2 protein chains.
Amino acid sequence: MANKPSIPKGTRDFLPEQSLRREYIFDTARMAFQLYGYQPIETPAMENLDTLMGKYGEEGDRLIFKVLDSADKPNRTIQKEISPSNISPVYEEYISSIGADIAQRVGTLLQSQDENPSKQVVDNLRIQIEESKPDHIKDDLGVEIHKILLEYLFDSRPTEKANELDESLIQSYAGKPDALKMVTAYLGFSMQSTGLRRLFATAITAFSDRIGMLLSEKALRYDLTVPFARFVVQHQNDLSFPFKRYQIQPVWRADRPQRGRYREFYQCDVDVIGSDSLLNEAELICIISDVFNKLGLGDISIRLNNRKILSGIAESAGLSGYFQEMTVAIDKLDKIGVDGVKEEMLKRGLPEQGVKKVLDHLKRKGDPDTVLRMLQGAMTGVEEALRGIDEMKKVLKALPAEVKSKVEIDLTLARGLNYYTGAIIEVGHPEFPSSICGGGRYDDLTGIFGLSNMSGVGVSFGADRIYDLMEAKGLFPDSLKAASEVLFVNFGSEEAEACLRLAAELRANDFSAEVYPDEAKMKKQMKYADAKGFAYTVMMGSEELKNEQVQVKEMKSGDQFTVMQKDLCNFLIEKTRA
Amino acid sequence: MANKPSIPKGTRDFLPEQSLRREYIFDTARMAFQLYGYQPIETPAMENLDTLMGKYGEEGDRLIFKVLDSADKPNRTIQKEISPSNISPVYEEYISSIGADIAQRVGTLLQSQDENPSKQVVDNLRIQIEESKPDHIKDDLGVEIHKILLEYLFDSRPTEKANELDESLIQSYAGKPDALKMVTAYLGFSMQSTGLRRLFATAITAFSDRIGMLLSEKALRYDLTVPFARFVVQHQNDLSFPFKRYQIQPVWRADRPQRGRYREFYQCDVDVIGSDSLLNEAELICIISDVFNKLGLGDISIRLNNRKILSGIAESAGLSGYFQEMTVAIDKLDKIGVDGVKEEMLKRGLPEQGVKKVLDHLKRKGDPDTVLRMLQGAMTGVEEALRGIDEMKKVLKALPAEVKSKVEIDLTLARGLNYYTGAIIEVGHPEFPSSICGGGRYDDLTGIFGLSNMSGVGVSFGADRIYDLMEAKGLFPDSLKAASEVLFVNFGSEEAEACLRLAAELRANDFSAEVYPDEAKMKKQMKYADAKGFAYTVMMGSEELKNEQVQVKEMKSGDQFTVMQKDLCNFLIEKTRA
């Protein structure tokens with residue numbers, strides 16, 4: 001490999017100091033979670049594609065990293081049966097006949113159209129072909145093949161059976177790339193009409209999609225919430241509810257990499273599921289406060305909203321039918337401002353009068369109790385909004401004064417994800433442009449996996465953003481830098497062996513200690529000591545070896561001490577732990 | 001989703017107790033590594049495909065999980081230029097003319113052959129087409145397109161330019177699946193000759209390969225060693241050598257899942273690179289001893305060998321030319337026995353006399369010093385073997401007696417990976433069938449990434465196997481079970497709020513404490529307490545609320561105490577930390 005090695009864009013290596021600092025954030029969060037009775041779980045990096053697809057909106061689906069099933073080929077009966085190299089004449093004939101029939105009809109269609117046929121034309125064609133099903137095959141496999149061919153041709157998403165057929169073709173003809181290129185050329189370039197060439201290109205596109213689907217049944221998790229919902233349903237009989245879990249694992253998104261946005265990053269999620277008590281919301285807000293206090297970020301602000309209030313506002317402004325569009329627009333407020341949100345709402349067809357009303361409501365800010373009181377007045381008779389206001393009051397009431405002082409109500413908080421149904425929480429810091437923690441209440445996230453009536457609430461800490469913020473503010477403890485405390489300089493094999501014994505004694509007393517492995521030049525060894533930031537270096541030359549002594553140098557002060565070997569451990573204990 | 005949700009085969013979820021136990025193993029290892037001055041690093045789950053391919057042998061390559069680059073489309077000039085929807089007439093004509101030319105020639109070829117054309121026939125065709133390059137296009141882009149088309153048609157591996165062309169086609173025609181199916185049907189089934197149909201299937205195959213390559217430039221890491229080598233080369237200027245690192249992260253292998261073999265599992269690697277001192281080998285053996293002692297697995301055996309000794313044995317038996325075959329066979333000794341190894345060697349063409357000699361040498365076992373003395377006699381004059389013996393002696397000499405007592409020499413230890421050049425280490429336990437830790441010395445692992453003279457040595461702890469062994473032996477501390485210490489039973493909102501304040505006080509004193517979130521039936525709350533294993537439950541009904549008291553129940557003994565609220569914290573401190 002001639003080039004300098006690199007890693008995929010949007011991913012990162014972490015050097016020791018960074019790793020220790022990241023670990024410090026995780027440990028701090030972990031400790032707080034555990035004090036509140038949350039327990040860790042882990043889920044695999046890869047989930048079944050089915051588990052993830054369709055859960056994050058169209059844009060989200062596109063950003064899911066799919067994993068190829070390279071070593072995963074199934075080996076089923078039908079595949080062997082219809083493999084062209086092993087095909088029995090009766091099916092050969094069958095496939096040919098239906099193939100010819102279809103080819104004829106489709107050919108006619110293609111000749112009559114230069115552009116893509118409409119859905120209706122395609123549907124009609126399907127019905128015609130279904131009705132003209134050849135009847136010279138009567139056994140089950142024949143029927144099966146007929147079905148597969150039709151599904152393969154017409155269904156917008158290939159069924160499992162169609163996949164099997166594809167796999168059989170692919171496997172049977174693997175390893176003959178030269179022949180391929182001939183055919184590709186022949187098929188692709190002999191089509192002189194632009195329309196036909198376009199259709200051929202479309203075929204390539206759809207092949208790539210279909211082969212992607214075919215080869216990929218797995219994907220890297222996109223967040224920790226959907227895997228958690230899947231986990232809860234799958235292991236419901238092994239869990240006691242309310243189930244309080246935390247999970248600290250990486251997630252992957254095929255987003256365009258940019259400053260502060262990565263393709264692999266850690267999420268740090270804490271959720272309680274199986275209880276709709278609002279004490280859970282309050283507890284999570286306390287955890288947020290605790291974690292950031294411990295990290296030295298006590299000056300956060302915790303912004304609260306409630307989906308029910310948003311829904312009530314929409315209702316009172318006559319926009320009930322536009323709730324989804326409204327929240328999507330509001331969600332962009334940070335980026336495009338009030339005027340931008342207004343424009344976007346109008347563009348999406350929301351009535352202007354309603355938009356104005358909504359924006360007026362969203363302006364309310366300030367002391368939570370005051371905002372809620374005013375809002376309550378404005379929402380008289382709007383049941384949904386009143387329920388949301390009541391929920392928010394209960395959450396606030398359960399908070400200690402110190403925590404409540406950090407909370408503000410922000411009615412512009414919408415959060416794009418549709419599964420939120422109650423509280424919405426987001427944490428900001430005055431010195432950071434985006435939120436560093438966020439979440440909310442979801443009433444039916446497990447419903448998609450077949451388990452209803454499981455309300456949950458959770459928040460996710462953005463470890464990478466918290467890291468950036470802490471680094472900018474210099475909040476990481478110095479102690480994280482010094483991985484090692486004592487370096488024994490290597491003066492030769494005999495001395496080194498004596499050092500090994502002393503180092504072992506130090507380690508038994510919880511000092512981290514190294515013996516420099518090579519009898520290198522003093523300058524090189526001291527350079528190593530400086531680079532790694534040892535607190536002490538210990539020198540034992542032949543003279544010291546004979547006298548059972550060592551020279552100890554305190555790196556910070558430069559002070560040097562002659563110490564008996566048997567006293568070294570106690571000397572260091574006194575020096576460092578007095 | 002109607003089906004019960006599941007996860008990909010060979011992957012696992014971890015419930016809280018399992019997660020805590022896994023964390024315990026990792027923490028124990030981490031602590032030991034740090035005491036010896038090793039520092040953590042992290043690398044991304046995805047590496048560039050180039051970084052991984054070709055590093056693990058043919059079988060290994062096959063087991064690498066590839067990731068699709070779905071959202072990774074480049075957007076370059078040429079793409080826009082030749083996009084069919086935006087194509088300028090001059091290139092349209094150009095592409096058509098060369099396409100027609102190629103189609104004609106390829107068509108002639110296909111008619112004359114029912115099977116795949118030979119490489120020579122294809123090569124000739126290419127030359128013909130290159131020579132007949134149409135000359136009505138004279139600008140640079142035209143030349144470029146001509147080159148791309150030829151590469152696209154004939155090169156066994158598509159060049160970057162050809163990829164761009166493909167991508168342009170794919171992007172331009174995305175989202176028209178109906179049209180595709182028509183064309184697929186037409187192209188596929190109108191080919192009546194079996195030969196043509198086969199070629200078409202081949203085209204599908206090769207498309208899938210090409211699209212796979214096209215869409216995948218990344219893969220999930222297969223181990224931590226190759227990413228570590230890549231890391232060292234990439235960050236060489238930011239590291240001080242010898243660089244001592246540990247890394248605890250998951251790896252992925254598309255292996256056939258079976259008992260004890262997973263597709264996602266953690267490795268726990270510790271390596272020192274940039275020093276060829278044998279003290280490093282000794283240090284790693286001490287770390288192995290420490291880690292397993294701390295885990296309660298002091299009864300391990302640490303098996304040692306040295307590639308140089310194996311190489312010398314091969315030389316002395318006249319098998320120098322068969323070293324690779326020999327080690328591969330020896331590596332299977334555990335599975336197929338001595339007779340099996342012998343058979344395999346003979347089958348691989350090794351001379352029988354040499355095979356006998358080798359197997360005689362491998363029989364030597366027992367006390368390390370004795371084995372080495374005998375071996376030294378047998379290897380007189382075999383320089384490579386004597387170097388290996390000398391290395392092994394030095395390693396043994398640097399070990400404390402307690403650690404040395406666990407070491408045995410096992411000349412049958414070969415380890416399949418070719419990058420090992422010196423010491424080979426494997427750790428076994430009498431109650432476990434496979435090794436639970438292993439590694440060795442590699443002299444030039446970073447060479448593949450362009451950095452030579454970087455000898456390193458490292459071992460990898462098999463966290464999953466260690467987990468299984470510890471579970472079987474009941475070695476996990478009970479304290480890992482009790483995630484939470486105190487549960488406040490919920491008797492209603494007013495009482496619960498008082499409990500919240502008490503719980504906060506307990507947490508401030510490092511007790512983990514929960515308030516049951518719902519005012520549920522007593523039976524349900526106590527069931528929760530039992531399931532989660534709380535040490536204490538605290539009850540505060542209206543009476544206690546009024547009297548500023550609580551009832552504390554010690555779950556293990558069943559004893560109950562009436563305690564003033566203000567004294568609760570001290571009461572629990574006395575109870576638990578006395």
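Contact is taken here to mean heavy atoms within 4.5 Å. In the predicted model examined here, Phe292(B), leaving aside its neighbours within four places in sequence, meets this criterion with Leu297(B), Gly298(B), Ile300(B), Val427(B), Ile436(B), Cys437(B), Phe461(B) and Ile466(B). Phe292(B) is also one of the residues that touch the most other members of the largest nonpolar core, a set of 101 residues in which Phe488(A), Phe33(B), Ile288(B), Met326(B) and Phe461(B) are likewise listed. Helix H12 of chain B, spanning residues 279-294, provides the largest share of this core, with nine residues. Apart from this core lies another, of 100 residues, which includes Tyr246(A), Ile248(A), Ile302(A) and Val427(A). In soluble globular proteins, nonpolar side chains tend to be buried together.

Strand E11 of chain B, formed by residues 456-462, is mostly covered, as six of its seven residues are buried. Strand E6 of chain B (residues 264-273) pairs with E11(B) in the antiparallel sense over seven bridges, and Val272(B) is placed opposite Val457(B) of E11(B). E10(B) is also an antiparallel partner of E11(B), the two strands being joined over six bridges, and here Arg441(B) has Val457(B) in E11(B) as its bridge partner. The loop between strand E9 (420-428) and strand E10 (437-442) of chain B contains Pro433(B). This proline counts as exposed because its relative accessibility is 77%, whereas the threshold for that class is over 50%. The C-alpha atom of Pro433(B) is separated by 35 Å from that of Asp50(B), a residue 383 positions away along the chain.

In chain A, 24 helices and 16 strands are assigned, and 58% of the 578 residues count as buried. Among the contacts in chain A with a separation of 6 or more, 68% are made by residues 24 or more positions apart.

Eight strands of chain A form an open sheet of mixed pairing, in the order E1-E5-E6-E11-E10-E9-E7-E8. Its edges are formed by strand E1 (39-40) and strand E8 (407-409) of chain A, each of which pairs on one side only. Within chain A, strand E9 (residues 420-428) and strand E10 (residues 437-442) pair in the antiparallel sense over five bridges, with Glu426(A) standing opposite Gly438(A) of E10(A).

Another strand of chain A, E15 (residues 549-554), contains Gln551(A). Gln551(A) counts as buried because its relative accessibility is 18%, the limit for this class being under 20%. The side chains of Gln551(A) and Glu544(A) are joined by a polar contact of 3.4 Å. When residues up to four places away in sequence are not counted, Gln551(A) touches Thr537(A), Val538(A), Met539(A), Glu544(A), Gln560(A), Phe561(A) and Thr562(A).

Helix H21 of chain A comprises 16 residues, 493-508, and reaches 23 Å from its first C-alpha to its last, close to the 22 Å expected at 1.5 Å a residue. Just after H21(A), a positive phi of about 70° is taken by Asp510(A).

Conventions:
Residues numbered from 1 in each chain as written. Chains lettered and ligands numbered in written order. Predicted model: local features only at pLDDT ≥ 70, side-chain atom pairs only at ≥ 80, totals over all residues. Heavy atoms only, no water. Helix = DSSP H or I, 4+ residues; strand = E, 2+ residues; numbered from the N terminus. Expected span 1.5 Å × (residues − 1). Buried < 20%, exposed > 50% of the residue type's maximum accessible area, 1.4 Å probe, protein only. Polar contact = N/O pair within 3.5 Å; in protein donor to acceptor, adjacent residues only side chain to side chain. Core = buried A, V, L, I, M, F, W, Y, C linked by side-chain atoms within 4.5 Å. Pairing = 2+ DSSP bridges.
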